[in-house]
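Please read them with the structure open.

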Amino acid sequence: MKTKLLFLICLSAATAFAQTSSNTCVEAETASALTQPGIYSVASIDGSQAPNLICDGSTVVASLGEWFTYTPSSDTYLTVSTDLDQNSGGDTRVHIYSGTCAALVCEGGDDDSGTGFLSIVSVYAAAGETYYIAFDNRWNASGFDFQISESEPPPPPPVNFSTSNLATTGSNRAIVDMNGDHLDDIVSVNNTNINIFEQQASGGFQEINIETTSANFTPSWSLSAADYNADGFTDLLYGGGNGVTFMRSNGDGSFTEVSGSEYVFSQRSNFIDINNDGHLDAFVCHDVEPNVYYINDGAGNLTFYQGEDSEGVPTGLGLYPSGGNYGSIWIDYDNDRNQDMFIAKCGGEVARRLNEMHKNNGDGTYTEVAAQLNLADPMQTWSAAWGDFDNDGDMDVFVGASSGTHKMLRNDLSVDTNGNTTVSFTDVTASSGVNILTDTGIENVTYDFDNDGYLDIASNGNILFGNGDLTFFLIENVFPGGNGSFGDLNNDGFIDSFDEGTVYMNDGNANNWISICTIGTEGFSNINGIGARVELHTPSGVQIRDVRSGEGFRFMSTLNTHFGLGSETTINNIIIYWPSGVVDNIENPGINQKLCITEGEALTVADNTLDTLKIHPNPVAETLFVSAPVSLIGKIATVFDVNGKKVLNTKLQENALNVSKLPSGFYILRLESNGRQISRKFLKE
């Protein structure tokens, strides 16, 4: 695996050693190998053999090359760099191989990781083994110097990724199930075609090209995916620079284009049930105006809304007049079973680039609360990675900088002795180790890549591997082209990646895992279960995930939720809190499997401590009081109408619930915590 140089060794000599490059691999193989660190020279790139095994993550070959061999005397961390003052303004590309000339194996490669367009690549090198160093004329054939250095290696990466090329058509945008078999597929698009490599249950892929009408807007900025018309097949949202196009699957291998006429300078887009009616809506960040969203009428028809002119749907989801909205992500930050939205913001005056958190109040309204949570930061950022990095049961956040420095914030959700819940976020950047990552960019997501049970962060091609205590260690340039899409491309329980024609297949390790696919029930939650909270309980603790469509900035990743288990061999239970309010409790599932769970299939667990619970007055006009033998503060109160639709959801701060906004009629109040629940009927006057 390629990583950048973490620290440089001071060399005693600054002059170049006399060394002639070879025109072919075989010529270098028979010449005397380089055996010591130093600075070497390439007069020009005019060798007759160009490296045709490309190691920098791209697929484009060159026509000429120059070759060296290097044999270290001890195990080392070997770095080859053209990032030298004397090469200023140059443009190089380098590849490092092991094996033989007849069977070369990529160890690492780089194009532009150095200053300007210069190159830096580092690999683990074994004592006495010969390594081939090859430069090509992909960009320039002029001469240059390069430096070889050795250093004490950092910890080896917990997992490695094997690369292979995949010739797709269009822009590589998604790893997501497209045909309803819950296996992740690879999706690329252009304005008249959707190119899908469908993962086969027997292994490998089957390529399918689907012609479409010419899309008014292509996903130049972002792509989201979900089954918003609930036909069992995945639809696509193209977020373009001038507007939004929906490609709606027809279930027969064709798509119907639905494009709005509204001007939208799209940034991150998401599918999410904004108004909690059981149907997937769409949310799109607007760069230069207030945000927009498209509300689903239940028949798959989407209506455009922007700003405060809402006509009864949630308002105020990012109202700054000139926008600055870049990276939206929907998560439940306060564990009240409602999906909230964080917006990473960028550009312009301080007020325009203050990050926002829109708290879902559970009654169809949202409140912007970033300042009181310590999240209203004016840093320049295009996306944030949310996850429970310390496995304490609440969502923390890595805010990735597009310029400047990254930040790690710990969620300090707490419950006092009276059961009252408070939430604030504490900046733990300095102690977390994330500040060793100096690369900035626009893509940040979180997965457990090594399945050790601790979430990791993929940031612009690098991985910050989590230790489970909000500290991280860095492996750089894991994905040389930067973050792409993520999912499980061979159904082995390890997260893979795809970007720019390259598949990064996770080689895995001995750690255990489980993957969950959520299937919502018609009339209750959306068919993908987007917005559900999934809790995994094992003897060693609890892990949480939220099902979401659209994270990072540009790409779409799997809708399945993935958990690493480390050496754990037992799962006590899995609790799924569906957007509808339904709670499923799956006991003792097996490990190392993909488990698909349909909403309502597992029996819920009664809360016997509340058997004597009473509510009054009943009928009620405004405030419903609850009497119980134990404190109810902190429990989730959910109200359902007679059709089973969730109409109100909140975390109790007292033994009372305000129901004044509900229309007259019969309702069911359910109180729940830790998957245990009890219900009572009431009449609203």
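Which residues does Asp273 touch, not counting residues up to four places away in sequence? The first point takes this up.

1. Contacts of Asp273. The model is predicted. With residues up to four places away in sequence left out, Asp273 touches Gly278, His279, Leu280, Asp281 and Asn526. Asp273 sits in the loop between strand S18 (266-272) and strand S19 (281-286).

2. S49 and strand S50 (residues 646-651) are antiparallel, with five bridges between them. The hairpin has four residues between the strands, and in it Gly644 adopts a positive phi near 85 degrees.

3. Burial of S49. Six of the six residues of strand S49 (residues 636-641) are buried, so the strand is largely enclosed by the rest of the structure. Both faces are covered: Ile636, Thr638 and Phe640 are buried on one side, and Ala637, Val639 and Asp641 on the other. S49 also runs antiparallel to strand S52 (residues 665-673), joined to it by six bridges.

4. Glu672 and Arg337 form a salt bridge in which the closest N and O atoms are 3.3 Å apart. Glu672 belongs to strand S52 and Arg337 to the loop between strand S22 (325-331) and strand S23 (340-345), so the pair ties together parts that are 335 residues apart in sequence. Both Glu672 and Arg337 are buried.

5. Other salt bridges. A search of the whole structure finds 13 salt bridges. One pairs Arg533 with Asp546, with 2.5 Å between the closest N and O atoms. This pair links strand S40 (residues 533-538), which holds Arg533, to strand S41 (residues 541-546), which holds Asp546; the two residues are 13 apart. Arg533 counts as buried at 2% relative accessibility, and Asp546 is buried at a relative accessible area of 6%.

6. The side chains of Arg410 and Asp412 form a salt bridge at 2.6 Å, N to O. Arg410 is partly exposed, its relative accessible area being 28%; Asp412 is also partly exposed, at 23%. Elsewhere, salt bridges link Asp56, Arg93 and Asp136 in a network.

7. Strand S15. Five of the five residues of strand S15 (residues 235-239) are buried, so this strand is largely enclosed by the rest of the structure. Asp235, Leu237 and Gly239 are buried on one side, and Leu236 and Tyr238 on the other, so that both faces are covered. S15 pairs in the antiparallel sense with strand S14 (residues 222-226) over five bridges, and Gly239 is the bridge partner of Ser222. S15 also pairs antiparallel with strand S16 (residues 244-249), over four bridges. In that pairing Tyr238 stands opposite Thr245, and a hairpin of four residues joins S15 to S16.

8. The open sheet S1-S8-S3-S6. Which strands stand at its edges? The sheet has four strands in that order, with antiparallel pairing. Strand S1 (38-44) and strand S6 (120-125) are at the edges and have a single partner strand each, so one side of each is left without a neighbour in the sheet. On average, neighbouring strands of this sheet are turned by 20 degrees against each other, direction ignored. S1 is joined to strand S8 (residues 142-151) by six bridges, running antiparallel; Ser41 has Asp145 in S8 as its bridge partner.

Notes: Residues numbered from 1 in each chain as written. Predicted model: local features only at pLDDT ≥ 70, side-chain atom pairs only at ≥ 80, totals over all residues. Heavy atoms only, no water. Contact = heavy atoms within 4.5 Å. Pairing = 2+ DSSP bridges. Axes fitted to C-alpha atoms, helices over the stretch in contact; angles between N-to-C directions. Buried < 20%, exposed > 50% of the residue type's maximum accessible area, 1.4 Å probe, protein only. Salt bridge = Lys/Arg side-chain N within 4 Å of Asp/Glu carboxyl O.
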